[in-house]
Amino acid sequence: MGETTTRPCDRVACTAEAVMTLTYVYADSMVVIGPLSTTAEPHSYDLCARHAERSTAPQGWQVIRHSVLGA
Ligand SMILES: [Zn+2]
């Protein structure tokens, strides 16, 4: 088997598999939600599909969603 990047959702009490990474970009007041990152970065959180969908930005912030396109 190859290396796996499967990680659990970072939300408390959620055991679903993380499929998206949410990153807070403080300098630009942006929340970027994109495909699961393979590297752990500061201010980033791995989320399952449900929590990624429900994530909202703090007031005054904008949300950038990179949709995962199917093949
Ligand atoms: Zn979750």
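Colleague: Where does Ser29 lie?

Modeller: Ser29 is in the loop between β1 (20-25) and β2 (30-35). Helices (H or I, at least four residues) and strands (E, at least two) are DSSP runs, numbered from the N terminus. This is a predicted model, so local features need pLDDT of at least 70 and side-chain atom pairs count only at pLDDT 80 or more, while totals for chains, interfaces and linings use all residues. Residues are numbered from 1 along each chain as its sequence is written, and side-chain values use heavy atoms, with hydrogens and water left out.

Colleague: What is the phi of Ser29?

Modeller: Start with the general rule. Most residues other than glycine have a negative phi. Ser29 has a positive phi, near 50°. His43 also carries a positive value, near 65°. His43 sits in the loop between β2 and β3 (44-47).

Colleague: How is His43 classed by its relative accessible area?

Modeller: Take the classes before the values. Buried means under 20% relative accessible area, exposed means over 50%, and partly exposed is in between (1.4 Å probe, protein chains only). His43 is partly exposed, at 42%. Ser29 is partly exposed too, at 28%.

Colleague: Which pattern does the chain follow along the sequence?

Modeller: The order is β-β-β-α-β. That is one helix and four strands.

Colleague: Which atoms coordinate the zinc ion?

Modeller: Donors are N, O and S atoms within 2.8 Å of the metal (3.2 Å for Na, K and Ca). Water is not among the atoms, so sites may look incomplete. Here the zinc ion has SG of Cys9, SG of Cys14, SG of Cys48 and ND1 of His51, at 1.9 to 2.3 Å. Along the sequence, these donor residues are spaced C-x4-C-x33-C-x2-H. Cys14 belongs to the segment before β1 and His51 to helix α1 (residues 49-54), so this pair ties together parts that are 37 residues apart in sequence.

Colleague: What are the angles among the four donor atoms of the zinc ion?

Modeller: First the reference value. Ideal angles at a metal are 109.5 degrees for four tetrahedral donors. Four donors count as tetrahedral if all angles lie between 85 and 135 degrees. The zinc site has angles of 105 to 115°, and its geometry is tetrahedral.

Colleague: Is Cys48 buried or exposed?

Modeller: Cys48 is buried, at 3% relative accessibility. Cys9 is buried at 5%. Cys14 is buried at 12%. His51 is buried as well, with a relative accessible area of 15%.

Colleague: Which residues is Cys48 in contact with, beyond its neighbours within four places in sequence?

Modeller: Contact means heavy atoms within 4.5 Å. Cys48 lies in the loop between β3 and α1. With neighbours within four places left out, Cys48 is in contact with Cys9, Cys14, Ala16, Glu17, Ala18 and Val19. Its C-alpha is 8.5 Å from that of Arg11, a residue 37 places apart from Cys48 in sequence.

Colleague: How many disulfides does the structure hold?

Modeller: A disulfide is a covalent bond between the sulfur atoms of two cysteines. The test is a pair of cysteine sulfur atoms within 2.5 Å. The structure holds zero disulfides.

Colleague: Which residues make up the largest nonpolar core?

Modeller: In soluble globular proteins, nonpolar side chains tend to be buried together. A nonpolar core is a set of buried Ala, Val, Leu, Ile, Met, Phe, Trp, Tyr and Cys residues joined through side-chain atoms within 4.5 Å. The largest one has 10 residues: Cys9, Cys14, Met20, Leu22, Tyr24, Val31, Ile33, Leu47, Cys48 and Ala52. β1 and β2 are the elements that give two or more residues to this core. The largest share, three residues, comes from β1.

Colleague: Where is the place of Ser55?

Modeller: Ser55 is in the loop between α1 and β4 (62-65). Ser55 is buried, at 7%. Beyond its neighbours within four places, Ser55 is in contact with Arg11, Leu22, Ile33, Leu47 and Arg65. Ile33, in turn, has contacts that include Met20, Ala52, Val63 and Ile64.

Colleague: What share of the residues of the chain count as buried?

Modeller: The figure is 30% of the 71 residues. For contacts with a separation of 6 or more, 56% join residues 24 or more positions apart.

Terms used:
Tetrahedral: all angles 85-135°; square planar, octahedral: opposite > 155°, others 65-115°.
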